Amino acid sequence: MDEPRSMRAWRVTEPGPVAGHPMSFESVPLPEAGANDLLVRVLACGVCRTDLHVAEGDLPVHRAGVVPGHEVVGVVHRVGEAVEGFAPGDRVGVAWLRSTCGRCRYCRRGDENLCPNSRYTGWDDDGGYAEFVAVPAAFALPLPGGYDDVELAPLLCAGIIGYRALKRASVPDGGRLGIYGFGGSAHIAAQVAMARGAEVHVMTRSEDARTLARELGAASVQGAADAPPAPLDAAILFAPVGDLVLPALEALDRGGVLSIAGIHLTDIPQLNYRRHLFQEREIRSVTANTREDSREFLGFAGKHRIRVATMRYGLPDADRALKDLAGDRVRGAAVLVP
């Protein structure tokens, strides 16, 4: 069979409000895949809020005309000549963290997510809103069985970053965890937390999201800024809304930790030290993930069946998927299927 020379892909051509037309759907050359890379045919690509931030310009442009998408499930189409351990036809995942230098003090101590020279799929290099994507083989992820392609896609960022945020929240055994916002990442993290014995309380504005939280077994469900019925040992803020930092901190018990999961957050209002931080409350940010996080989470998903709520869109409908995400019309996670 002849090697394809071009593919269909979405490019961010004019970053701005998604209600306009920040992206264009075009025929573009196949990605260049070097000796250490895999060329992957995309089977499914999750639609992440980070893609929305890239399209709308909330995240500064790193590459003009970039192809978004970093929750990619695909099959290896071609293997670089220096790559070992992969073969055409292997199913792999392509996630947000694309490469690191491997030499800096952060990489050497196991914190590769803090590498100053890290690069990211769908921001620094072209991602999965396309028919093919290239990825360094060292950052391609093995995938657990028991899930179809569409279910797997959200696990590759929503799942992994939610897992990282959960680790950063330091929920004690049997503790109370508050979750603010209940989209693609939050509904997966909640299931991991509950499987580990946490009591989960959900605060979110979407009625569909509240329904999903109840279906998944949340101990309580209320509005986005409402107080939970009991003090929280830990909380995770998934909604990119800085105003919610204050009620989340106020809901924490003594020594509680607030983990902020997003790469982008609107401005945080002024804090009051006694109301929000005193009694050893903490705020922790989450910066990407490490490959070790990915292996841990995907291993967990292979042993514990996670319910992944998805809405499917064809690749030509990626702009509509982003508009639905911005308008809180996505229940769970949106996934593109070429």
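Me: How much accessible surface does the protein have, and what part of it belongs to carbon and sulfur atoms?

Reply: Bear in mind that this is a predicted model. The accessible surface of the protein comes to about 14500 Å², and carbon and sulfur atoms account for 46% of that area. As for charge, there are 37 positive and 42 negative side chains, and the centres of these two sets lie 3 Å apart.

Me: What does the radius of gyration say about the overall form?

Reply: The value is read against what a compact globule of 338 residues would have, which is near 20 Å, and because the protein has 20 Å, the two agree. The C-alpha trace spans about 65 × 45 × 35 Å along the principal axes, and the chain is arranged in nine helices and 17 strands. Among contacts between residues at least 6 apart in sequence, 69% join residues at least 24 apart.

Me: What share of the residues is buried, and which residues touch the most other members of the largest nonpolar core?

Reply: In soluble globular proteins, nonpolar side chains tend to be buried together. Here 55% of the 338 residues count as buried, and the largest nonpolar core has 48 residues, of which Leu155, Ile179, Phe182, Phe297 and Ile306 touch the most other members. Among the elements that each supply at least two residues of this core are the helices α3 (149-169), α4 (184-195) and α8 (291-303), together with the strands β10 (176-180) and β13 (232-237). The largest share, 11 residues, comes from α3.

Me: Turning to α9, is Asp324 buried or exposed, and which residues does Asp324 touch?

Reply: Asp324, which is placed in helix α9 (residues 318-326), has a relative accessible area of 12%, and because the cut-off for a buried residue is under 20%, Asp324 counts as buried. If residues up to four places away in sequence are left out, Asp324 touches Tyr313, Arg329 and Val330.

Conventions. Residues numbered from 1 in each chain as written. Predicted model: local features only at pLDDT ≥ 70, side-chain atom pairs only at ≥ 80, totals over all residues. Heavy atoms only, no water. Helix = DSSP H or I, 4+ residues; strand = E, 2+ residues; numbered from the N terminus. Rg over C-alpha atoms; globule rule 2.2 N^0.38 Å. Buried < 20%, exposed > 50% of the residue type's maximum accessible area, 1.4 Å probe, protein only. Contact = heavy atoms within 4.5 Å. Areas by Shrake-Rupley, 256 points an atom, 1.4 Å probe, with all protein chains shown as cover. Lys, Arg positive; Asp, Glu negative; His and termini not counted. Charge placed at Lys NZ, Arg CZ, Asp CG, Glu CD. Core = buried A, V, L, I, M, F, W, Y, C linked by side-chain atoms within 4.5 Å.
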